[in-house]
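Keep the viewer open as you read.

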Amino acid sequence: MADTVATVGRDRETELLQAALDGGTHVVLEGPPGTGKSTLLRGVAHSRSIGFHFVEGNAELTPARLVGHFDPARVLADGYVEEIFVDGPLVSALREGGLLYIEELNRVPEETLNVLITVMSEGELHVPRLGRIAAEPGFRMVAAMNPYDAVGTARISAALHDRTCRIAMGYQSAADETQIVAGRAPVTPDGWREKAVDLVRRTREHKDLRTGSSVRGAIDLARVTVSLAAARDRAVDDWRVGLDAATVALSGRIKVIESARRTPEEVIRELYEAVFGREPSESDPSENSGDDDASGGARARPARAAG
Ligand SMILES: Nc1ncnc2c1ncn2[C@@H]1O[C@H](COP(=O)(O)OP(=O)(O)OP(=O)(O)O)[C@@H](O)[C@H]1O
Ligand SMILES: [Mg+2]
């Protein structure tokens, strides 16, 4: 599991999530990738100092993985006794009165979702040969899902929605995204970070793009730029360094609408020029912020920020 990073902004969502959990409800956080659902939840779980059980939602999340199983090596000798039951994350959260956090809820198989629905309805779980496990006070389920994920979104049944509260997470503000990049990537010159975030935000609105990049693209853009500038011994805000880094950081993240007949690289260059300007001509060094004299101390600093 990733480390806990301080949550930037999201005061309103934090308040709503705390209130929903205090009220004893289960919650679904819904929003596109990279909007900080996991970050928010880790922050809230941390502040409540309760047990936190993390589960990745995917096709392999069978009921047995979620609930737990009898240790097969010991069943022959000992039989189905309680001591050899290996608690899965759901049973651990129920016993502790902790938080069960499920990523990518929409990818969880139907039969596993049904186990969750039963637990939410009855506040307890029946495990064959083990018996009844009651939810200790404090047990909550919080799930995150991406409503635009092509996988399984439609399957999330009305029964599940009817048993959960929902907090919608949109993209962070530009100011928050800039601060997030500052916290997750090495130091970049003032003004450059804002532009990098602007570039990434424009991918979400470009007419030729079906999918834009989340703040993860901006974080990687800053990381690659700083490393590439150091490798080339150029300034961090060198025009060519930034374009190459943007292409590497963003071209796989954006999805071009097929009928647009353009490559991701072309769209990135167009957006890059819109934000950072046209390529400065070699003959006019004053235009090139990457030139020695104009760099204003913006040389690459390879030291990395934590995380
Ligand atoms: N509000 C925030 N404060 C601090 N960091 C953030 C915030 N939002 C996003 N991030 C950073 O952006 C990245 C993506 O955030 P996170 O993993 O929380 O998103 P997510 O909504 O859970 O994404 P996914 O749907 O893909 O699971 C992480 O590196 C995280 O540190
Ligand atoms: Mg997440």
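## Helix packing and the ligand shell

Start with helix 9 (residues 192-202) and helix 12 (residues 264-276), which pack at an angle of about 140° with their axes 9 Å apart. Bear in mind that this is a predicted model. Angles over 145 degrees would count as roughly antiparallel, but helix 9 and helix 12 are at about 140°, and are therefore oblique to each other. The crossing of helix 9 with helix 12 is right-handed. To find the contact on screen, pick out Lys195, Asp198, Leu199 and Arg202 on helix 9, then Leu271, Tyr272, Val275 and Phe276 on helix 12. Sort the residues of this contact of helix 9 with helix 12 by class and you get five nonpolar, no polar and three charged.

Helix 12 has another partner to look at. The axes of helix 11 (residues 239-250) and helix 12 come within 10 Å and cross at roughly 135°. That angle makes helix 11 oblique to helix 12. Here, too, the handedness can be read off: helix 11 passes helix 12 in a right-handed crossing. On the helix 11 side you'll see Trp239, Gly242, Leu243, Ala246, Thr247 and Leu250, and they meet Glu265, Ile268, Arg269, Tyr272 and Phe276 of helix 12. The class count for the contact of helix 11 with helix 12 is seven nonpolar, two polar and two charged residues.

Now move over to helix 8 (residues 174-184) and helix 10 (residues 215-232). Their axes are 9 Å apart, and the packing angle is about 45°. Helix 8 and helix 10 are therefore oblique to each other as well, and their crossing is right-handed. Helix 8 brings Glu177, Ile180, Val181 and Arg184 to the contact, while helix 10 brings Val215, Ala218, Ile219 and Ala222. In this contact of helix 8 with helix 10, six residues are nonpolar, none are polar and two are charged.

How many residues surround ligand 1, and which are the closest? There are 22, with Pro33, Gly36, Lys37, Ser38 and Thr39 the closest. By class, the shell around ligand 1 comes out at seven nonpolar, ten polar and five charged residues. Finally, zoom out to the domains: domain 1 (11-168) and domain 2 (174-294) both give residues to this shell, so ligand 1 lies between them.

How values were computed: Residues numbered from 1 in each chain as written. Chains lettered and ligands numbered in written order. Predicted model: local features only at pLDDT ≥ 70, side-chain atom pairs only at ≥ 80, totals over all residues. Axes fitted to C-alpha atoms, helices over the stretch in contact; angles between N-to-C directions. Helix = DSSP H or I, 4+ residues; strand = E, 2+ residues; numbered from the N terminus. Parallel < 35°, antiparallel > 145°, perpendicular 65-115°, else oblique. Left-handed = near helix turned anticlockwise from the far one by under 90°. Contact = placed C-beta atoms within 7 Å. Nonpolar A, V, L, I, M, F, W, Y, C, P; charged D, E, K, R; others polar. Near = placed C-beta within 6 Å. Domains from an automatic or database assignment.
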